[in-house]
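Good morning, and thank you for joining.

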Amino acid sequence: MVSEKKQTALDIINAYQGPKIRIMEVCGTHTHEIFRQGIRNILPPQVDVISGPGCPVCVTPVGYIDEAVWLALQQGVTICTFGDLVRVPGTKMSLADARSQGAKIEVVYSPLDAYDYAKKHPAEAVVFLAVGFETTTPPSCLAVLQAKQDKLTNFSLLVANKTMPMAYEAMKNNADVFLYPGHVDAVMGTKDCENMLKEGVSGVVTGFTAKELLTAFAVILTLFPKGKPFFRNCYPRVVKPEGSPAAQKLIKKVMQPCATEWRGLGIIPQSGLELRDEYAAFDARKKYNVPKMQGRANPACRCGEILQGTCKPPQCPLFGKVCTPEHPVGACMVSHEGACSAYYLYGGNVR
Amino acid sequence: MCVGLPARVMKVQDGMALVDASGAKRQVSAALLDELDPGDYVMVHAGMAIAKITDDDTAETDDILEDLN
């Protein structure tokens with residue numbers, strides 16, 4: 001008896017003879033890692049990898065930038081923000097432009113750093129730009145709790161946090177299989193993916209190393225041709241079925257679901273988060289009576305379609321010509337997790 | 001912004017953990033994790049440890065491929 005040689009993930013991928021398949025990554029870091037590791041180059045031609053709405057900066061609508069610019073210039077607040085929001089164009093200007101007009105913009109790594117900044121600078125009114133998915137929401141909630149406990153009155157949040165499940169719903173016809181975001185599931189568990197499976201939508205959740213990504217593709221390419229919907233957790237060293245109950249509890253204590261606007265996808269009910277009434281004192285929109293802002297993006301920019309996976313960056317007339325990482329027109333080129341920035345950076349690998 | 005950093009826990013005190021992410025050291029919140037000890041590996045997002053890392057990717061992916069057969 002000859003013992004069979006163990007098949008590697010790469011063997012499985014190389015041997016794929018199955019039907020055409022569209023795999024959507026729903027995480028900006030997956031987009032970049034798949035490019036950076038050259039995985040697109042080794043996938044068989046009938047395997048199409050498309051980027052979904054998983055970059056938090058990219059899905060933040062233009063009107064949100066306008067609100068932040070208004071707060072900075074009209075109200076004179078200090079804006080604390082993740083760095084990649086600074087250069088996202090608003091209707092008239094970005095936060096970087098506002099800074100050149102005298103606005104105070106501080107780049108922070110964590111909402112907790114914004115809270116520390118507010119504590120150390122009691123004379124400044126500090127607004128933290130709370131964007132992000134389930135991964136970045138818990139520290140924003142913790143910052144609010146700490147601020148309430150410390151009776152910090154110069155700290156508030158401009159909240160645009162989003163949650164993934166309704167976005168999966170909105171995207172489910174644009175792909176055959178989802179590559180679910182590993183760290184969202186580390187927080188939320190695999191319940192939402194299981195629910196998608198009940199609707200007949202396939203997916204795997206995976207991590208970010210070459211081994212994890214190749215294994216995830218091997219799993220997809222093995223199970224997809226069998227024709228039966230599937231879900232597999234390919235990241236069990238970080239993702240537990242129940243996720244992080246402590247993080248879920250923290251989010252629920254401070255925030256509640258609301259309808260929110262996604263760039264490209266429009267307003268999706270129950271897909272956003274807002275502060276609960278008991279934390280209204282930390283809601284920058286209420287504190288400063290922020291007027292409603294209908295942002296307007298550059299009409300030629302196709303970020304909206306790119307975020308839905310219906311257009312690839314090189315198909316946008318601006319891509320690589322007037323829209324580059326140095327002079328971004330759309331959010332997907334600004335953020336290091338954006339699809340346009342990945343295509344631009346790893347342009348030689350484009351397919 | 002939304003980038004997970006794997007990091008090794010060096011010290012745990014008062015709900016905070018000093019972590020080492022490939023040489024970069026900083027304090028992160030450990031409020032979400034019970035029973036965190038020095039030497040554990042955690043996934044850090046925006047200054048907060050969101051999950052413990054319980055294995056390396058080689059053992060994990062070997063198991064997954066094994067299950068496929």
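I shall discuss the sheet and then the cysteines.

This is a predicted model, in which local features need pLDDT of at least 70, side-chain atom pairs count only at pLDDT 80 or more, and totals for chains, interfaces and linings use all residues. Residues are numbered from 1 along each chain as its sequence is written, chains are lettered from A and ligands numbered from 1 in the order in which they are written, and side-chain values use heavy atoms, without hydrogens or water.

In chain A, 5 strands make an open, parallel sheet in the order β2-β1-β7-β8-β9. Strands here are DSSP runs of E, at least two residues long, numbered from the N terminus, and two of them pair if DSSP finds at least two bridges between them. At the edges lie β2 (47–51) and β9 (231–233) of chain A, each pairing on one side only. Within the sheet, β1 (residues 21–25) and β7 (residues 177–181) of chain A run parallel and are joined by 3 bridges. Met24(A), for instance, has Phe178(A) of β7(A) as its bridge partner.

How many disulfides does the structure hold over all chains? There is 1, a disulfide being a pair of cysteine sulfur atoms within 2.5 Å. Cys55(A) and Cys58(A) form a disulfide with their sulfur atoms 2.4 Å apart. The link of Cys55(A) and Cys58(A) is right-handed, with 70° about the S-S bond. Both Cys55(A) and Cys58(A) are buried, that is, under 20% relative accessible area with a 1.4 Å probe, protein chains only.

Cys332(A), by contrast, is in no disulfide; its nearest cysteine sulfur, that of Cys303(A), is 3.4 Å away. Cys332(A) counts as buried because its relative accessibility is 0%.

Note on methods
Helix = DSSP H or I, 4+ residues; strand = E, 2+ residues; numbered from the N terminus. Buried < 20%, exposed > 50% of the residue type's maximum accessible area, 1.4 Å probe, protein only.
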